Amino acid sequence: MQLWLIPLLPFAGFLVNGLAGRRFPKGAVNAVAIGSVLLSFAWVLKTLFTINLDAINQEHYFTWIQSGALTVGCDMAVDRLTAVMLLVVTGIGSLIHIYSIGYMAHEGGYYRFFSFLNLFMFFMLVLVLASNYLVMFVGWEGVGLCSYLLIGFYFDKKFATNAGNKAFIVNRIGDFGFSLAMFYMVRNFGSLDFGTVFKAAPGASEAVLTTIGLLLMLGACGKSAQLPLYVWLPDAMAGPTPVSALIHAATMVTAGVYMTARSWVIYTHAPLALNTIAIIGVATAFFAATIGLAQTDIKKVFAYSTVSQLGYMFLGVGSGAFSAGIFHLMTHAFFKALLFLGSGSVIHALAGEQDMRNMGGLRHKIPWTFWTMMCAAVAISGVPPTSGFFSKDSILVAANHHAPWMYWLGVVTAGMTAFYVFRAMFLTFFGEYRGHAHPHESPPLMTIPLAMLALLSLGGGYIAVPAFLGRFFPTVEAPEDFTLVAISVAFGLGGIALAYLMYIARPGMADSLAGGLKGLYSLVYNKYFVDEIYDAAVVKPVVGGSRVVLWKGMDVGFIDGMVNGVGALARRTGAVLRLLQSGNIRSYATWVLFGSVVVIVALELGGGAR
Amino acid sequence: MAEIPIAWFLTLSAVLFVLGVAGFLFRRNIITVFMSIELMLNAVNLSFVAFSYQLKQVDGNLFAFFVMVVAAAEAAVGLAIILTVFKNRSTLNIDEVETMKN
């Protein structure tokens, strides 16, 4: 099967562009970067067509760690879940690579951008193809690294490097949980291999499985930006927009969902952990959606929307509907990548403007962008028969089966989602143009990927992922309930109608509403001051403690104090003893005399010399 | 002939040695200091010889000869140094020869 070719192709692209890309013309950089990803996509297609997905398709390359009873190999495998992820990652990845040629055309560090993007593809494919937790963790950390590198791509801007650091540091908290989960697995199962662990898991005690499940969930919360670790994702928008689309919407941030779905055997035997995932998911979905209502930066709206939609996926997985979670992962990859790429096209057209208050009336100036983004907007709002309708509905039905209050919270969130996405659409594309740039439509290299993603957003719901994964995951017997579906669609359409009313029909209404609910509005506009609270509760104490206790106290006071103290002591002693060194021979002789008298007296008192 | 008690020799030796030390410590003239050193060496020689005589062993005498040889060498070198010092500084006052200080 040669699975190793799939990740290694982008890695080769990374090496070529990373080492020699500086001297290449742009055409060569493009050919290497896009070619390697397209080849990888082709190899994925070829592999999936030729193998039997229900057999065990594992490849063992070499033994990585051999220590006592623990053996960890560099293994890769393909099953149905991996197949979906591979197609999403390489397919969307290829489209976004192509789009990036147009978007990054006028940016510096062109080859650097593409080599990082290829490196990201490599690590993401390793993550997806891994057939044990440790290899998965390599990919997991690698995508984190690439995320950091690409968020801080404009490294001469302070806010971009800060955002990169924030993403990296917040992810460390989650990775800590992931590592602990792996240690615990080694202790209890003696292996990190998916097959071995999942075979042993049903026999293990529930306490063990719950602990592992909760620790893995902590890792997933960090990577997939769930409460309380979501704060890094909105800041991650400091990176170039294709990065936001590829890494921070379509692929990397869904790694947490993939990992929890991959560990479904553990979770089905640990209902407490699974329920915690559902609660965190629905809480995040609701919480992030409310923040999205009041943002003015177009990318920030979609960033909070991503957090919210990831919450949906967690809700689906947590309700036991793993296939629904993965289904939503895929459709979300379509429409959210499209929303980000579309907003990138808008930003490109307006020469860098991101504030929606300075947009408006763009639908005639950039029609391709407008129509494609509209497809994504109806899809994310769950309007039938677009892709978002199918996936969101399968999650909500499962949530209702799991706990009805989660369904209702999810439905309200769906209404808010439709509202804020259409608010962004109306503010951007309708009304009068409020900015000063000269909007121009993006080149075909950017609009063609947009069009393809638009087709996928509209029709992606007919890709029968739940049926495809039905043989992989346990099925939840949630009855199809037309009322539930109708209610959620009604909420979605209601959200759209409300946005229309507030931003098109009565343009002054939004401002008067914001003025009327000043306190609430400013709370939401400022993202509930979560960043400020974290800053005061975590960052300041850590920084202050490091400064006062560790730096001034421990390092300067104790360690430096000891080292310098020895020196100072020697110097002070020397200062006293120096007085003896008079240079006067007779004073030396006096000391000699004095010394010999002392020696003789001491000898006499000690019993005399014998 | 009545034996002279060893204590007498040792007392004389100690007296001579203390005289030498006092001269070394309190006189300022280099020549005098030098002579005081010789006095101390010879005081020690006296006790060596006295012990040697009393214990009927030759070691003490041997030591005395060594001390004499060293003293002779020291005298040669020392006097040469004193001559040079006087030539350069026109003084034999030991307190003025202290360029090593500081």
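Ala351(A) is partly exposed, with 13 other C-beta atoms within 10 Å (a residue is buried if 20 or more other C-beta atoms lie within 10 Å of its own, exposed if 12 or fewer, and partly exposed in between, with C-beta atoms placed from the backbone). The model is predicted: local features need pLDDT of at least 70 and side-chain atom pairs count only at pLDDT 80 or more, while totals for chains, interfaces and linings use all residues. Residues are numbered from 1 along each chain as its sequence is written, and chains are lettered from A and ligands numbered from 1 in the order in which they are written.

Ala351(A) lies in the loop between helix 15 and helix 16 of chain A (helices are DSSP runs of H or I with at least four residues, strands are runs of E with at least two, and both are numbered from the N terminus). Its phi is positive, near 55°, although Ala351(A) is not a glycine. Most residues other than glycine have a negative phi, and most peptide bonds are trans. Ala225(A) also has a positive phi, of about 55°, and is found in the loop between helix 8 and helix 9 of chain A. Ala225(A) counts as buried because it has 31 C-beta neighbours inside 10 Å.

That loop also holds Pro228(A), which is joined to Leu227(A) by a cis peptide bond with omega about -5°. Another cis bond joins Pro384(A) and Pro385(A), with omega about 5°; Pro385(A) sits in the loop between helix 16 (367–380) and helix 17 (387–402) of chain A.

Helix 15 of chain A, residues 322–349, should span 40 Å at 1.5 Å a residue, and its end C-alpha atoms are 40 Å apart, which agrees (the expected span is 1.5 Å times one less than the number of residues). The helix bends by about 30° at His332(A), the bend being the angle between axes fitted to the seven residues ending there and the seven starting there. Of its 28 residues, 27 are buried, so helix 15 of chain A is largely enclosed by the rest of the structure.

The axes of helix 14 (residues 298–318) and helix 15 of chain A come within 9 Å and cross at roughly 175°. The two helices are therefore roughly antiparallel (angles over 145 degrees). Residues of helix 14 of chain A that meet helix 15 of chain A include Phe302(A) and Tyr312(A) (contact means C-beta atoms, placed from the backbone, within 7 Å).

Chain B has three helices and zero strands. Of its 102 residues, 12% count as buried.

Terms used: Axes fitted to C-alpha atoms, helices over the stretch in contact; angles between N-to-C directions. Parallel < 35°, antiparallel > 145°, perpendicular 65-115°, else oblique. Contact = placed C-beta atoms within 7 Å.
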